[in-house]
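This report is meant to be read alongside the sequence and the model. Please keep both in view while following the text.

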Amino acid sequence: MATLLEVQGLNAWYGESHVLHGVDMRVAEGETITILGRNGVGKTTTLRTITGIVRSRKGKISFDGSDMMQVPLHKTAHRGIGFVPEERGIFSTLTVSENLLLPPVVAGGGMTLDEIYELFPNLYERRASPGTKLSGGEQQMLAIARILRTGVRLLILDEPTEGLAPVIVQRIGEVLKTLKERGMTILLVEQNFRFASRIADRFYLMDHGQMVSEFPVGELPQRMDTLHKVLGV
Ligand SMILES: Nc1ncnc2c1ncn2[C@@H]1O[C@H](COP(=O)(O)OP(=O)(O)OP(=O)(O)O)[C@@H](O)[C@H]1O
């Protein structure tokens, strides 16, 4: 499959602190990729650097053939990359439907509001509720749903299941599978290994600001010993 995102030799810094030390990774169109790794190894920073939030960076980020190193943060979505950060970013004073309609549509092919409500019936029921009244699971669904309208081709998620009840985690897994069936390319960081193993096509294992291995889901059984050691899963 064609490469949608290619990252080569990516370095990133927070002030003097050098956090990414040459990240190499590739995401093909339609793939679901999960980045695994212990706390503090640079997973979130990798996502934040790819999306352009962390600007102190060097290396190559190519998306759909264009050089993302030259693209300002506010144009990232226009190029087709949507990001759901760990903190979700729901506007608490706006209702569910207002939150949904907020991000601009950047390309054709996004979902209509009706399609979104069909995929997330709970959001339809809560459409007039303010963001403050939503549960953590509903906020996560809304944060994902909001991006689907925009027409982005790559959905990047930072720990989408964090702090959520098992039944909600399962629902988020179903949603991501549905999106994948619709052709969405998905890149996520996830600590919940069980969840990740059900949805990912391929994994990257990160340590000390680098990708130290990469393997398809089919190789999980023979990788489990290493993963146990590295992640404690
Ligand atoms: N805004 C920031 N300013 C300075 N240092 C930061 C900042 N954010 C993260 N760091 C540091 O950068 C390193 C990588 O953090 P990062 O959040 O990318 O790790 P992670 O693998 O996602 O771990 P976690 O699961 O704990 O979020 C850590 O040492 C962290 O303390």
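The text below goes through the sheets, the helix between them in the description, the ligand shell, the core and a few single residues.

This is a predicted model, in which local features need pLDDT of at least 70 and side-chain atom pairs count only at pLDDT 80 or more, while totals for chains, interfaces and linings use all residues. Residues are numbered from 1 along each chain as its sequence is written.

Helices (H or I, at least four residues) and strands (E, at least two) are DSSP runs, numbered from the N terminus, and two strands pair if DSSP finds at least two bridges between them. The pairing of β4 and β5 is antiparallel over two bridges, and S62 stands opposite D67 in β5.

**The six-stranded sheet**

An open sheet of six strands has mixed pairing and the order β6-β7-β8-β3-β9-β10. Here the edge strands are β6 (81-84) and β10 (210-216), each pairing on one side only, and the twist averages 20° from one strand to the next. β6 pairs with strand β7 (residues 154-158) in the parallel sense over four bridges, and I81 stands opposite L154 in β7.

Two helices that pack on this sheet can be described with contacts and angles. Residues are in contact if their C-beta atoms, placed from the backbone, lie within 7 Å, and axes are lines fitted to C-alpha atoms, for helices over the stretch in contact, with angles from 0 to 180 degrees between N-to-C directions. Helix α1 touches β3 (32-36), β6, β7, β8 (185-189) and β9 (202-207), and its direction makes about 145° with that of β7. Helix α6 (residues 166-181) touches β3, β7 and β8, and its direction makes about 150° with that of β8.

A residue is buried if 20 or more other C-beta atoms lie within 10 Å of its own, exposed if 12 or fewer, and partly exposed in between, with C-beta atoms placed from the backbone. On this scale α1 is mostly covered, since seven of its eight residues are buried, among them K43, T45 and T46. Just after α1, G52 takes a positive phi of about 95°.

Which residues surround the ligand? They are Y14, S17, V19, G37, N39, G40, V41, G42, K43, T44 and T45, where a residue is near a molecule if its C-beta atom, placed from the backbone, lies within 6 Å of it. β2 and α1 are the elements that give two or more residues to this shell, and α1 gives the most, with three residues. The shell divides into three nonpolar, seven polar and one charged residue; Ala, Val, Leu, Ile, Met, Phe, Trp, Tyr, Cys and Pro count as nonpolar, Asp, Glu, Lys and Arg as charged, and the others, Gly among them, as polar.

**The nonpolar core**

A nonpolar core is a set of buried Ala, Val, Leu, Ile, Met, Phe, Trp, Tyr and Cys residues joined through C-beta atoms within 7 Å. The largest one has 59 residues, and those with the most contacts inside it are A145, L154, L155, I156 and Y204. Helix α5 (residues 136-148) supplies the largest share of this core, seven residues. Leaving aside neighbours within four places in sequence, L155 is in contact with G82, I147, L179, M184 and I186.

**Single residues**

Most residues other than glycine have a negative phi.

| Residue | Phi | Location |
|---|---|---|
| D64 | positive, about 50° | loop between β4 and β5 |

D64 counts as partly exposed because it has 17 C-beta neighbours inside 10 Å, and R88 counts as partly exposed because it has 19 C-beta neighbours inside 10 Å. P216, which lies in strand β10, is exposed because 12 other C-beta atoms lie within 10 Å. Not counting residues up to four places away in sequence, P216 touches D201 and R202.
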